[in-house]
Amino acid sequence: MAVILGIESTAHTFGVAVVRNGKILSNVKSSYKTGEGGIIPMDAARHHRENKEKIYSESLLLSGIKEEDIDAIAVSQGPGLAPCLLQGMGFAKELSEKLKRPIVPVNHCIAHLEIGRITGAKDPVMLYASGANTQIIAYASEKFRVFGETLDIGAGNFIDTFARYAGIGFPGGPEIEKLALESGCKLIKLPYKVKGMDIALSGILTNLKQKLESGEYRLQDLAFSLQETVFAMLVEVAERAMAHTEKKELLLGGGVACNKRLQSMCRTMCEERGARLFCPENQFLVDNAGMIAYLGEIMFKSGIKKNPGDVDIKPRERTDDVKVTWR
């Protein structure tokens with residue numbers, strides 16, 4: 001039996017979770033938000049610093065676990081925003097030294113994939129769409145291989161950037177989704193940028209900004225068209241990866257996957273292919289410590305554990321940089 005404390009701090013969210021034997025006992029978080037504009041890394045880091053002790057205490061209380069029962073501390077090592085990652089890593093090292101427990105360094109992107117095990121997915125292709133990351137991933141030969149990805153910006157950052165330009169605060173994704181659901185929305189033609197297995201979003205963003213500036217288009221119609229176009233691109237490359245790998249499961253991950261329209265489009269594609277769609281509940285799609293603790297326990301049981309002086313943040317670590325030794 002193992003009890004793992006997980007810490008997440010890659011971007012706007014600071015979270016602490018407790019997992020015991022694959023069961024998530026607590027998953028508490030606090031997220032940095034703005035009324036207008038986007039995420040400011042140093043402000044987000046300050047948010048984490050000011051809230052970490054409170055979140056830690058709440059998570060322990062909710063889990064019913066005492067500090068001395070913790071066997072290891074799992075922490076997001078990367079990728080992410082360096083100022084934010086440093087807050088989580090520093091806190092993990094403080095706890096490691098205080099409790100005399102090892103650290104398990106976890107790749108944030110892989111945690112998004114591995115938490116999919118709770119849905120029953122066995123060997124899926126994963127459509128991972130978050131703020132900074134957009135990738136099509138599948139496991140093969142001791143690594144999670146990237147079969148396709150964005151060539152410029154992540155889907156979440158793309159949506160948030162357009163929302164910010166339109167005067168919507170951060171995060172903008174939920175507001176864009178609401179606007180796209182308003183009645184009478186019309187589909188406006190936007191650039192469709194799929195290049196083999198990859199996508200590109202910066203040109204679409206420029207086009208959307210130009211259309212908004214012109215005053216000829218309603219924001220609701222642009223939001224609707226944004227979703228229909230970009231989500232179709234994501235579904236296309238995900239389906240191509242499923243055909244290439246001959247896998248019959250698609251797993252969604254990342255905050256953008258909370259969008260009901262994206263889920264619906266993926267479900268339709270899977271039904272037409274005779275495949276199955278798996279989607280964790282929203283608390284495990286957005287950035288959260290539950291997935292860090294969950295994967296941390298798996299890694300810890302496989303023998304992966306570090307002393308605090310032997311770990312550091314890896315802001316640019318890619319999904320396919322990590323050798324998967326726990327499978």
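Colleague: Which residues does Phe 158 touch, not counting residues up to four places away in sequence?

Modeller: First, the term: contact means heavy atoms within 4.5 Å. Phe 158 touches Ile 153, Leu 201, Ile 204, Leu 205, Leu 208, Leu 226 and Val 230. This is a predicted model: local features need pLDDT of at least 70, side-chain atom pairs count only at pLDDT 80 or more, and totals for chains, interfaces and linings use all residues. Residues are numbered from 1 along each chain as its sequence is written, and side-chain values use heavy atoms, with hydrogens and water left out.

Colleague: Which residues touch the most other members of the largest nonpolar core?

Modeller: In soluble globular proteins, nonpolar side chains tend to be buried together. A nonpolar core is a set of buried Ala, Val, Leu, Ile, Met, Phe, Trp, Tyr and Cys residues joined through side-chain atoms within 4.5 Å. Buried means under 20% relative accessible area (1.4 Å probe, protein chains only). Here the largest core has 45 residues, and Phe 158 and Leu 250 touch the most other members.

Colleague: Which element gives the largest share of this core?

Modeller: Helices (H or I, at least four residues) and strands (E, at least two) are DSSP runs, numbered from the N terminus. H7 gives the largest share, twelve residues. A second, separate core holds 34 residues, including Ile 115 and Val 322.

Colleague: How many of the 327 residues count as buried?

Modeller: The share is 55%.

Colleague: What share of contacts with a separation of 6 or more joins residues 24 or more positions apart?

Modeller: Such pairs account for 76%.

Colleague: How many helices and strands are there?

Modeller: Ten helices and twelve strands.

Conventions
Buried means under 20% relative accessible area, exposed over 50%, partly exposed in between (1.4 Å probe, protein chains only).
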